[in-house]
Amino acid sequence: CRVYNYEPLTQLKNVRANCYGKYIALRGTVVRVSNIKPLCTNLAFVCATCGDVQGVPLPDGKYTLPTKCLVPECRGRSFTADRSSPLTTTVDWQSVKVQELMSDDQREAGRIPRTIECELVQDLVDSCVPGDMVTITGIVKVSSTEEGEASEN
């Protein structure tokens with residue numbers, strides 16, 4: 001399901017740690033879109049001992065190995081990922097950067113407008129281009145970047 005016209009709109013300056021895990025709506029201008037990439041949502045693993053295959057869900061695409069084989073007689077702990085298995089599933093994924101909207105009375109001299117990274121999946125991928133004014137609704141999460149900083153998504 002998809003929610004439309006969710007109120008109230010949250011201003012970008014008010015997106016803080018207290019919004020983490022909450023469903024919010026915000027409005028802004030798309031300033032950057034990434035290339036479309038596959039996001040693995042479920043990955044099949046083959047037990048090195050008995051050959052049993054199990055599917056492991058990967059929340060947010062985070063790679064997670066199974067802890068032990070599900071076959072009671074085996075309980076092996078060594079696995080190989082099987083990307084070609086029917087248990088492996090992927091979805092289209094794209095990142096967009098949205099910049100806050102500011103009216104003339106809000107503009108402070110020399111202040112850079114705030115931005116937030118948003119993740120689009122499935123049919124929302126390729127639905128906007130830089131310059132589009134959009135309303136984004138979703139759950140706020142924090143993800144680490146390679147530089148070790150935190151960014152809000």
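Which side chain meets that of Lys141 in a salt bridge? In this predicted model, the partner is Asp60, and the N to O distance between the two side chains is 3.1 Å. Lys141 sits in the loop between β7 and β8 (142–144), while Asp60 sits in the loop between β3 (53–57) and β4 (79–82), so the contact ties together parts of the chain that are 81 residues apart in sequence. Asp60 itself is exposed, with a relative accessible area of 59%.

Lys97 pairs with Glu117, with the closest N and O atoms 4.0 Å apart; here the link runs from strand β5, which holds Lys97, to strand β6, which holds Glu117, across 20 residues of sequence. Lys97 counts as partly exposed at 22% relative accessibility, whereas Glu117 counts as buried at 17%. This pair also belongs to a network of salt bridges that links Arg32, Lys97 and Glu117.

Glu100 forms a salt bridge with Arg114, and in this case the closest N and O atoms are 3.3 Å apart. Glu100 is buried, with a relative accessible area of 11%, and Arg114 is partly exposed at 30%.

Let me turn to the cysteines. How many disulfides does a search of the whole structure find? The search finds zero. Take Cys69, which is buried at 1% relative accessibility: the closest cysteine sulfur, in Cys50, is 3.7 Å from the sulfur of Cys69, and that is too far for a bond, given that a disulfide requires the two sulfur atoms to be within 2.5 Å. Cys74 is likewise in no disulfide, the nearest cysteine sulfur being that of Cys47, 3.7 Å away.

Finally, the largest pocket, which holds about 1,200 Å³ of space. There are 41 residues in its lining, and those closest to the centre of the pocket are Glu119, Leu124, Ile136, Thr137 and Gly138. By class, the lining comprises 24 nonpolar, nine polar and eight charged residues. Strands β1 (23–33), β2 (37–47), β5 (89–100), β6 (115–121) and β7 (133–139) each contribute at least two residues to this lining. In terms of domains, at least three lining residues come from each of domain 1 (12–37 + 92–140) and domain 2 (41–90).

Terms used
Residues are numbered from 1 along each chain as its sequence is written. This is a predicted model: local features need pLDDT of at least 70, side-chain atom pairs count only at pLDDT 80 or more; totals for chains, interfaces and linings use all residues. Side-chain values use heavy atoms; hydrogens and water are left out. Buried means under 20% relative accessible area, exposed over 50%, partly exposed in between (1.4 Å probe, protein chains only). On a 1 Å grid over the protein atoms alone, a cavity is a set of points where a 1.4 Å probe fits but cannot get out, and a pocket is an open set with protein on both sides within 12 Å along at least five of seven lines; lining residues have an atom within 4 Å of a point. Grid points are joined across faces, edges and corners, and a volume is the space filled by probe spheres set on the points. Helices (H or I, at least four residues) and strands (E, at least two) are DSSP runs, numbered from the N terminus. Ala, Val, Leu, Ile, Met, Phe, Trp, Tyr, Cys and Pro count as nonpolar, Asp, Glu, Lys and Arg as charged, and the others, Gly among them, as polar. Domain bounds come from an automatic or database domain assignment.
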